Amino acid sequence: MAGVLVTGAAGFAAGHLLSLLRHEGPVEGWYRPDVPPPPDAPTPEQGVNWRAVDLRDDQAVNSAIAHLRPAAVYHLAGAANQGAAWANTDVALELNALVTHVLLRAVAQHSPHARVLVTTSAAVYAASEAPQREDSRLAPATPYGVSKLAQEMVALQAARNEHLDVVVVRPFNHIGPGQDLGFFAPAFARQLARIEAGLEAGPMRVGNLTPRRDFCDVRDTVRAYHLLMRHGARGEVYNVCRGEAVEIGMLLDMLRSEVTTPVEVMVDPEKLRPVDMPLLVGDRTRLTSSTGWEPEMPLARTLHDILAEQRALVGNT
């Protein structure tokens, strides 16, 4: 049996990736037993078979890989929330580095010719005023970044020592519909939608608005993953980014401009992180030259879609 495996398939980016993959052949989506797929997830009739697999369970992973013997693996599972990693550093290391080791060991044993795309993070880079290239200095400033660098080292070591066909991607900030409220773009939109609907009084409470980040629509991000699965070089690392820095405060202003009610903003000290890199912007030259990928979704469209989703959710509460 062969096909495509997506780990973390009930998550944010994976949901958009499944929309690309399910028309191309059989796809199996793995999810944590305690985090089932969302109600609107594609069904087996729509091309996606679901399996509950705890990636921390070596025997369960080994058995599932031996059964599926995938030809391609998109490894998107892991701890994704940078803020939560400050309080749960051991969990971040387990869900990012350890589960990657468990998965790749099973692939090496049962499906050694599979191509595996491992998603790490731009949080592995050292602070810099220049756009980050794949060969820029690595020095993560957060527990989340440390866990992602450990994950990356596990993946690249498997490529070298186990001769696995591994491609590593370092996505920068990707946002869009379906993202959890633990991330600032949907959290901003939810507050704005509630204030606009008269369900919440202002001012809007936010964290640090001064950092500049490289924002990419999640639909563009997973399209890059899809292209790299086909055209990426074995054992190579690729940034996935737009290549432009936007201040978080500007992103909030763009959202505020779409609501019908004037909204004041107040910085809440409880929302501030211990460390916030002032600038994180990427260089996508390697990705574009290898695949022809270009970002297609304007940031304004992404934010419009996020706000529309939150307005709909607020209207249904």
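Arg301 and Asp305 are joined by a side-chain salt bridge, with N and O 2.9 Å apart. A salt bridge is here a side-chain nitrogen of Lys or Arg within 4 Å of a carboxyl oxygen of Asp or Glu. The model is predicted: local features need pLDDT of at least 70, side-chain atom pairs count only at pLDDT 80 or more, and totals for chains, interfaces and linings use all residues. Residues are numbered from 1 along each chain as its sequence is written, and side-chain values use heavy atoms, with hydrogens and water left out.

Both partners of the Arg301 and Asp305 pair belong to helix α10 (residues 299-315). They are four residues apart, about one turn of the helix. Helices (H or I, at least four residues) and strands (E, at least two) are DSSP runs, numbered from the N terminus. Asp305 is buried, at 14% relative accessible area. Arg301 is partly exposed, at 41%. Buried means under 20% relative accessible area, exposed over 50%, and partly exposed in between (1.4 Å probe, protein chains only). The pair is part of a network: salt bridges with shared partners join Asp217, Arg219, Arg301 and Asp305.

Across the whole structure, the search finds 21 salt bridges. One of them links Glu24 and Arg230, whose closest N and O atoms are 3.2 Å apart. Glu24 sits in the loop between α1 and β2 and Arg230 in helix α7, so this pair ties together parts that are 206 residues apart in sequence. Glu24 is partly exposed, with 46% relative accessibility. Arg230 is exposed, with a relative accessible area of 54%. Another salt bridge joins the side chains of Glu200 and Arg194, at 3.0 Å from N to O. Both residues are partly exposed: Glu200 has a relative accessible area of 28%, and Arg194 one of 26%.

The protein is divided into two domains. Domain 1 comprises 4-174 + 215-240, and domain 2 comprises 180-213 + 244-282 + 297-316. These bounds come from an automatic or database domain assignment. Taken over C-alpha atoms, the domain centres are 27 Å apart. At the interface, 21 residues of domain 1 are in contact with 22 residues of domain 2. Contact means heavy atoms within 4.5 Å.

The size of an interface is often given as the accessible area lost when the parts come together. Domain 1 and domain 2 bury about 1,800 Å² between them. Of this area, 63% is on carbon and sulfur atoms. Buried area is the accessible area (1.4 Å probe) that two parts lose on being put together, summed over both.

Two salt bridges cross the interface of domain 1 and domain 2. Elsewhere in the set of pairs, Glu129 and Arg212 form a side-chain salt bridge at 3.8 Å, N to O. On the side of domain 1 that touches domain 2, α3 (82-87) and α7 each supply at least two residues. Helix α3 gives the most to this side, with three residues. The residues of this side divide into eleven nonpolar, six polar and four charged. Ala, Val, Leu, Ile, Met, Phe, Trp, Tyr, Cys and Pro count as nonpolar, Asp, Glu, Lys and Arg as charged, and the others, Gly among them, as polar.

Helix α1 (residues 12-21) is mostly covered, with seven of its ten residues buried. The buried residues are Phe12, Ala13, Ala14, His16, Leu17, Leu18 and Leu21. They pack against the strands β1 (4-7), β2 (27-31), β3 (48-52), β4 (72-75) and β7 (174-175), and against helix α7 (218-231).

Several loops carry backbone features. The peptide bond from Gly202 to Pro203 is cis, with omega near 0°. Pro203 lies in the loop between α6 (184-196) and β8 (204-206). Arg69 is not a glycine, yet its phi is positive, near 45°. Arg69 lies in the loop between α2 (58-68) and β4 and is partly exposed, at 39% relative accessibility. His163, also not a glycine, has a positive phi of about 60°. His163 is in the loop between α5 (143-161) and β6 (165-171) and is exposed, at 56% relative accessible area.
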